[in-house]
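Please examine the sequence and the three-dimensional model shown below.

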Amino acid sequence: MKTNKKALTPDLETIMPILIWAWRRMHKLSGPPDALQTREFRSVVAAVKALEERSLDGQSLIGQDYFNNPTLLGAYLLYQWVIHYQQGLSLIGELPSKPRRVLDVCSGPAAFAFAALRHGANEVIATDQNVNALQLGADVCGRYGLPLQVRKWNCTKQPLPIEGKFDLIIVGHCLEELFPSTKKGWQEKQDAFLKTLLNRLTPEGYLLIVDNSFTEANRRVLQLRDTFVSDGVPVQAPCVWRGECPALKVQNSPCYAQREFEKPYLIREIQRANSINLSSLKMSYVIFRNPVVGWPELPEKKLYRVISPPVEAFGSKRFYLCGTDGKKQLGSRLTTHPVESRAFEYLRRGELISFTDVLESQNAIDIIEGSQVHVEAPCGKPLP
């Protein structure tokens with residue numbers, strides 16, 4: 001597999017007109033190529049509101065193929081699709097090499113599959129039980145000039161109808177729908193299903209699990225991470241800590257990712273109309289490696305993932321870290337930082353960092369004169 005180095009922009013100036021075209025084609029409407037008309041916009045706003053309310057409820061989407069409803073499918077395409085696509089674009093960038101063959105499970109209109117194609121994957125197969133959603137995703141990819149294969153698959157009732165191994169398998173925003181936490185034995189069924197996917201990875205393959213950042217979804221992903229790690233499944237990202245997840249030991253202590261959210265005009269207007277306050281991409285995720293290769297080989301120094309935004313405390317800011325030696329807090333005793341430690345002033349949640357010549361006291365770390373701070377891997381980039 002080729003090294004995955006090139007930075008990708010979302011290219012939403014090109015993509016948004018394609019999404020509007022696909023939305024109109026599905027609804028058999030005509031109109032301007034790059035904007036919704038007033039009546040269309042109002043209908044999309046109402047549909048996004050309905051879909052958001054169901055998502056926040058957490059249970060009302062379970063057991064329902066809401067993509068059978070063209071109104072909700074269209075709302076997903078013009079709003080959530082843009083969010084999930086940008087999540088995929090960032091997370092796939094954390095792989096150390098470009099995946100050649102990709103499987104997108106419960107793909108819907110193929111937002112994550114589209115991200116994989118943008119990263120240069122040679123063969124991407126999107127699967128879902130809803131053929132209309134898959135065809136919509138194929139139309140978007142085709143209009144953009146990318147080849148997407150689609151296959152109907154009810155993954156909880158049928159074996160995977162596709163032969164061969166995959167460099168990347170994506171399971172995005174569907175675990176609660178597939179394995180409702182209200183059902184007896186959900187965790188065992190979920191873990192067994194995901195382990196069948198692990199068995200379909202190439203030796204250098206990855207399994208990407210993505211969900212929202214809400215408490216229940218976040219804890220589900222963290223618990224899955226702990227279960228698989230205890231069973232010998234290594235993690236590529238975001239964790240460099242190999243023990244039990246510290247966030248699960250504390251009540252109301254989430255650990256999720258945060259990325260920049262590029263919002264085109266239509267997305268901003270939908271959010272304004274629905275009073276949606278979402279300024280960044282927030283998601284729970286874990287990338288598992290094929291167990292045959294073990295954990296990533298890291299430089300022989302302490303590395304830390306920034307797991308919080310800056311937290312104001314006693315007139316200064318601190319960051320929570322989770323690193324190769326566990327969970328820490330990072331602060332600074334300097335009012336101004338020289339070039340060697342200036343990165344502290346610009347740290348972002350999700351970055352992988354290292355430092356030298358700092359003051360350590362139990363779980364607290366402070367920048368002092370002579371300290372150096374290095375960003376080893378920016379957000380959306382692979383481990384060093």
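Where is the place of proline 238? Proline 238 is in the loop between strand S6 (235-237) and strand S7 (257-260). Helices (H or I, at least four residues) and strands (E, at least two) are DSSP runs, numbered from the N terminus. A cis peptide bond, with omega of about 0°, joins alanine 237 to proline 238. In general, most peptide bonds are trans.

The model is predicted, so local features need pLDDT of at least 70 and side-chain atom pairs count only at pLDDT 80 or more, while totals for chains, interfaces and linings use all residues. Residues are numbered from 1 along each chain as its sequence is written, and side-chain values use heavy atoms, with hydrogens and water left out.

The loop between S6 and S7 also holds serine 253. Serine 253 is buried, with a relative accessible area of 13%; buried means under 20% relative accessible area, exposed over 50% and partly exposed in between (1.4 Å probe, protein chains only). Not counting residues up to four places away in sequence, serine 253 touches Ala247 and Lys327, where contact means heavy atoms within 4.5 Å.

Helix H1 (12-27) has 16 residues and reaches 22 Å from its first C-alpha to its last, close to the 22 Å expected at 1.5 Å a residue. The expected span is 1.5 Å times one less than the number of residues. The buried residues of H1 include Leu12, Ile15, Leu19, Trp23 and Arg24.

Aspartate 11 is found in the segment before H1, and its phi is positive, near 55°, in a residue other than glycine. Aspartate 11 is partly exposed, with a relative accessible area of 24%. H1 is followed by lysine 28, whose phi is also positive, near 55°. Lysine 28 is found in the loop between H1 and helix H2 (38-57) and is exposed, with a relative accessible area of 77%. Most residues other than glycine have a negative phi.

## Nonpolar cores

A nonpolar core is a set of buried Ala, Val, Leu, Ile, Met, Phe, Trp, Tyr and Cys residues joined through side-chain atoms within 4.5 Å. The largest has 68 residues, and those with the most contacts inside it are Leu19, Trp81, Tyr85, Leu148 and Leu208. Helix H3 (residues 70-92) gives the most to this core, with 14 residues. A second, separate core of 29 residues includes Ile169, Trp186, Ile209 and Val233.

Leaving aside neighbours within four places in sequence, tryptophan 81 is in contact with Ile15, Leu19, Tyr76, Pro109, Ala110, Ala111, Phe114 and Val140.

## The cavity

The structure holds one cavity of 30 Å³ or more. A cavity is a set of points, on a 1 Å grid over the protein atoms alone, where a 1.4 Å probe fits but cannot get out; lining residues have an atom within 4 Å of a point. Grid points are joined across faces, edges and corners, and a volume is the space filled by probe spheres set on the points.

The largest cavity has a volume of about 30 Å³ and is lined by Cys239, Val240, Arg242, Trp295, Pro296, Leu298 and Leu383. This lining divides into six nonpolar residues, no polar and one charged. Here Ala, Val, Leu, Ile, Met, Phe, Trp, Tyr, Cys and Pro count as nonpolar, Asp, Glu, Lys and Arg as charged, and the others, Gly among them, as polar.

Technical notes
On a 1 Å grid over the protein atoms alone, a cavity is a set of points where a 1.4 Å probe fits but cannot get out, and a pocket is an open set with protein on both sides within 12 Å along at least five of seven lines; lining residues have an atom within 4 Å of a point.
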